[in-house]
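Have the viewer open as you read.

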Amino acid sequence: MICLTTTVNPAHWLEQVRANQPLVHNITNLVVTNIAANALISIGASPVMAYAKEEVADMARIAGALALNMGTLDDRVVQSMEIAGRSANEAGVPVIFDPVGVGATPYRNQVAAHLTHSLHLALLRGNGGEIGFLLGAGGQVKGVDASAVSDDLPRAMKAYAKAHQCAVMATGAVDYVTDGERVWALSNGHPLLAAITGSGCMATAILGGFLAVAGKQQTPSRYAEAAIAGLTCYNVAAEIAATRAAGPGTFQATLFDALYHLEGPEVNKQAKVAEVTLS
Amino acid sequence: MICLTTTVNPAHWLEQVRANQPLVHNITNLVVTNIAANALISIGASPVMAYAKEEVADMARIAGALALNMGTLDDRVVQSMEIAGRSANEAGVPVIFDPVGVGATPYRNQVAAHLTHSLHLALLRGNGGEIGFLLGAGGQVKGVDASAVSDDLPRAMKAYAKAHQCAVMATGAVDYVTDGERVWALSNGHPLLAAITGSGCMATAILGGFLAVAGKQQTPSRYAEAAIAGLTCYNVAAEIAATRAAGPGTFQATLFDALYHLEGPEVNKQAKVAEVTLS
Amino acid sequence: MICLTTTVNPAHWLEQVRANQPLVHNITNLVVTNIAANALISIGASPVMAYAKEEVADMARIAGALALNMGTLDDRVVQSMEIAGRSANEAGVPVIFDPVGVGATPYRNQVAAHLTHSLHLALLRGNGGEIGFLLGAGGQVKGVDASAVSDDLPRAMKAYAKAHQCAVMATGAVDYVTDGERVWALSNGHPLLAAITGSGCMATAILGGFLAVAGKQQTPSRYAEAAIAGLTCYNVAAEIAATRAAGPGTFQATLFDALYHLEGPEVNKQAKVAEVTLS
């Protein structure tokens, strides 16, 4: 694997999010509803959490992006995800799917397979273990936490992205992003993110804000760029937040503060994004 | 509109809440369950969150107030709200209804209309956009956030309150309260309240504590007074909390601290309540 | 009642939790999902929240412990608790049950009775009012908060533990633990724990981590020892957190910080555990 540092412009994307305050429709898990909403508000977007099958089609249609997260499933929420996803697909609204805990139980595997097959995703995002499991590229899942990431992961992600015409992101100590043609490695972030629940789910929510400003029916390349910008903003905010925290509890609070006060030029300066050439 | 500053006594109400620790039964949304409970504990009341149709009638009957919040709906929670609301009505327990996100989807509009028609409310509370939409007085709702408030809002609120014999409150940069006879404008609060999710929902929960100490089967005038006192306490606490916060994350934490340590005389001193004469 | 200070070794248990990072499957209430997960991560365990009847049997089987908390019930979650509990029982995985709010409504009483009869518990844990009500030893429940604890409580707990071959814990200003043969009184903790919602629910979740490292199909005595160690760690962390907090909001944050940085030797030094001889 050869890495080539790339110049990116998250600051531009951040500015767009704050200027447009895009509405992000989240169908997410019961553990993170509050923090996912706060993450979106802090970065400058406008969250809505709506679950009822009677309204999710209407809400997804008027949203800038739809973020689906299967952290706590049941048959009703799966049904709502499917209805919302189809409505978003029809309206060209970008859909993000976070297959939390896939690999942990047969039910999660079945739901993840069903949703990835029946919906067109703009972005598939999970931790390395989840994405690896889902794409058959190894990776072990214990509960809903990430474990070892296989070396074959970026290759499998690239193939999947190309086949499904979407962007794919796997987060971890190093985050990989691909649009099916190119692969990037992102190295921002902080270990305290792993010491709070829902740090990946907050990333998924925030990426919704960035995909929304990318616009409807865009190319995988454009959605990948939005995802790189969004995750870099989030992870640089985490680096800043960690300097003001005394542990995971205060970090959760300072993370929202850092997102709220995040300065684009600082993000661009701290960004660690490299394009990767797979051998 | 002519405003006349009014002397109010939130300190007296706060003292009553702390002395009686009233039980407030909340059927609220999935985003704010935790913070609504903490807001109530911090101010001195005793929260209970109960949703099951098998128990909400029993719980509402023994509570001092019932707070219904439709932030995240589904058919089951709507059914529970209706059962709990009827039980509270029968027992004379004051009911607060917060029509979160009304105007955003037809389903929300239908549920809000159904609940406001089938239950007798002590207090209807939402942001200006929601109340405006619900009362047909303009106001636009994007997702669940407030937008512009029409000048006609206080007039529509007064008419609704008179017709339905309840108090009505619309919150925003300026908050309006009416009992159907008089209208008040409240000007405490802080912009950081808009930077955290659920600040309105926490207000609704806290108002439950104040309506509970107002007592059962009281006049709209008395419930309006309780609502003015409760919102003023909450908003003055927000002002204090903001001086100790570095952004929305730390503000969420210092808000509970400020509610917990809130001193009645300080609230009375900072209170900005004016009676409004509509032209 | 005669008390004899006992030397305990929570440090050893804490080390085991951190070394093994046991998976704790929680079916808990909607108010505390986030903070229960964060409490477990902060102490070094690995939380999973899973509710669907389609997957709870699979999840409970692979977990180190199953923690059931009936804070916000409905028929679906009760069904899932039963399925998960039976699966855990079959696999020998220790089950903790927290009968939140039992005594408040007939429905809660019925669910608590059903679950305690149909499942074999490793640990029954509630506040004094709840345990007293459930065991017919007095105690009043108002909403979901504890009230007065009867003097007969430890005696009733001991009899129940012996009859059902489990450990029983009742928390309060003084916490009681019994394995059916012996009774201990624990005196660590801080009043701010009563000023945040879910402090008992976080204790239940954390105890799951300690019971998990105790292992499968252990004696009530061993599970009681794990529970004493776990609660002592939690309560000493609360004492440390309180010194860094300015009220309940900042305390919630510093509590996770304190759990994360908790040092075993410090816990052993601060531990206040006494064996109790009932007269």
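**Chain B against chain C**

Between chain B and chain C there are 11 residue pairs in polar contact, both residues at pLDDT 80 or more (N or O atoms within 3.5 Å; within protein, one must be able to donate a hydrogen and the other to accept it, and residues adjacent in sequence count only if both atoms are side-chain atoms). Keep in mind that this is a predicted model, where local features need pLDDT of at least 70, side-chain atom pairs count only at pLDDT 80 or more, and totals for chains, interfaces and linings use all residues. Residues are numbered from 1 along each chain as its sequence is written, chains are lettered from A in the order in which they are written, and side-chain values use heavy atoms, with hydrogens and water left out.

**Who takes part**
- α2 (33–43), β3 (46–49), α3 (56–62) and α10 (248–261) of chain B each give two or more residues to the side touching chain C (helices, H or I, of at least four residues and strands, E, of at least two are DSSP runs, numbered from the N terminus).
- The top contributor there is α2(B), with 6 residues.
- Overall, the contact draws 29 residues from chain B and 28 residues from chain C (heavy atoms within 4.5 Å).

**Salt bridges**
- Chain B and chain C share 4 salt bridges (a side-chain nitrogen of Lys or Arg within 4 Å of a carboxyl oxygen of Asp or Glu).
- One joins Arg76(B) to Asp75(C), at 2.8 Å, N to O.

**Helix pair in chain C**
- α1 (residues 10–20) and α9 (residues 220–242) of chain C pack at about 90°, axes 9 Å apart (lines fitted to C-alpha atoms over the stretch in contact, with angles from 0 to 180 degrees between N-to-C directions).
- So α1(C) is roughly perpendicular to α9(C) (65 to 115 degrees).

Methods. Angles under 35 degrees count as roughly parallel, over 145 as roughly antiparallel, 65 to 115 as roughly perpendicular and the rest as oblique.
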